[in-house]
Amino acid sequence: YVEVALYGTADDDFKLLLVSEHDDIVNELKVVTKFVERTTGLESEVRLINGGLWKKQENFRASHPYSPDDYDKTSPLEQWKSQHPLGLQIITQMETEDPLSKELVRRLLDNAMTSLSVSSLDSSDEEIQIQEYDDLGDGCVLMATWTEGSVFVLWDGRGHVDINLFAYEGLDSLKVKHFNNLFQRRTALSTVLYDEHPRGFGRVVSY
């Protein structure tokens, strides 16, 4: 399916709609549009091509195989050098078929927080307060923040829990794994998603 816009003066604008099963539709389209332009004096513009498959070329060999060294890497290198990661954010999703409650989720977070080894917590006497929000929906949101990081726990009121953990320093995959294991201890919660994201400025790449 192809849409071709044909235009000349303001009163002459209209669309040409084509449907074809021809294998070489693109080259045929070039012939048709040139013919229309020549015979009508209108200009054409292909607006849309939907459907179709790449035409297979048997035993195809490129005239010049390109390697990564053939491309200009100036812009990617500038972007790479401009990155300034400041912290690490890790998002974990857990699920279970067993019943959960706000009190249980709060207790799991309390247990995990007391054993979380983050340098910003170890080196200060800062007291962390966990705030609860349960006045909207069936579940709750638990939030704990400190000077160098934060953790947010979202329970949907059923069997799904999201954990959003961030710290500027002292956080790595092993420590987060330990945190998650403590959170899951003595429950049927299992991890269904785990994502690590560096955070900073200068177009920091998130994986």
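Predicted model: local features only at pLDDT ≥ 70, side-chain atom pairs only at ≥ 80, totals over all residues.

Trainee: Which residue is the bridge partner of Ser-150 in strand 8?

Mentor: Phe-166. Ser-150 itself belongs to strand 7.

Trainee: Is Ser-150 buried or exposed?

Mentor: Buried: its relative accessibility is 13%, and the cut-off for buried is under 20%.

Trainee: And what does Ser-150 touch, not counting residues up to four places away in sequence?

Mentor: Ala-144, Thr-145, Asn-164, Leu-165 and Phe-166.

Trainee: How many residues of strand 8 are buried?

Mentor: Seven of its eight, which makes strand 8 mostly covered.

Trainee: Let's zoom out. In what order do the strands of the open sheet come?

Mentor: Six strands make up that sheet, in the order 5-6-7-8-4-9, and the pairing is antiparallel. From one strand to the next, the twist averages 15°.

Trainee: Why is one side of strand 5 and of strand 9 left without a neighbour in the sheet?

Mentor: Strand 5 (130-133) and strand 9 (190-201) are at the edges and have a single partner strand each, so one side of each has no neighbour in the sheet.

Trainee: Remind me, what holds strands together in a sheet in general?

Mentor: Backbone hydrogen bonds, and the strands can be parallel or antiparallel.

Trainee: And the whole chain? How many helices and strands does it have?

Mentor: Five helices and nine strands. Along the sequence they follow β-β-α-β-α-β-α-α-β-β-β-β-α-β. The chain has 207 residues, and 29% of them count as buried.

Trainee: What share of the contacts between residues at least 6 apart joins residues at least 24 apart?

Mentor: 60%.

Trainee: New topic: helix 5. How far does helix 5 reach from its first C-alpha to its last?

Mentor: Helix 5 covers residues 173-184, twelve in total, and reaches 16 Å, close to the 16 Å expected at 1.5 Å a residue.

Trainee: What happens at the start of helix 5?

Mentor: A side-chain oxygen of Asp-172 comes to within 3.2 Å of the backbone nitrogen of Leu-174.

Trainee: Which residues of helix 5 are buried?

Mentor: Val-176, Phe-179, Asn-180, Leu-182, Phe-183 and Gln-184. For reading a list like that, remember that an α-helix has 3.6 residues a turn, so residues three or four places apart point the same way.

Trainee: Which residue with a positive phi follows helix 5?

Mentor: Arg-186, with phi near 60°, although it is not a glycine. Arg-186 sits in the loop between helix 5 and strand 9. At 84% relative accessibility, Arg-186 counts as exposed.

Trainee: What about Arg-203, what is its phi?

Mentor: Positive, about 55°, and Arg-203 is not a glycine. Arg-203 lies in the segment after strand 9 and is exposed, at 62% relative accessible area.

Trainee: Last one. Where is Ile-49 found?

Mentor: In strand 3, residues 43-49. Ile-49 counts as partly exposed, with 44% relative accessibility.

Trainee: What is Ile-49 in contact with, leaving aside neighbours within four places in sequence?

Mentor: Tyr-1, Val-2 and Leu-29. Ile-49 and Val-19, 30 residues apart in sequence, are 9.8 Å apart C-alpha to C-alpha.

Conventions: Residues numbered from 1 in each chain as written. Heavy atoms only, no water. Helix = DSSP H or I, 4+ residues; strand = E, 2+ residues; numbered from the N terminus. Buried < 20%, exposed > 50% of the residue type's maximum accessible area, 1.4 Å probe, protein only. Contact = heavy atoms within 4.5 Å. Pairing = 2+ DSSP bridges. Axes fitted to C-alpha atoms, helices over the stretch in contact; angles between N-to-C directions. Expected span 1.5 Å × (residues − 1). Polar contact = N/O pair within 3.5 Å; in protein donor to acceptor, adjacent residues only side chain to side chain.
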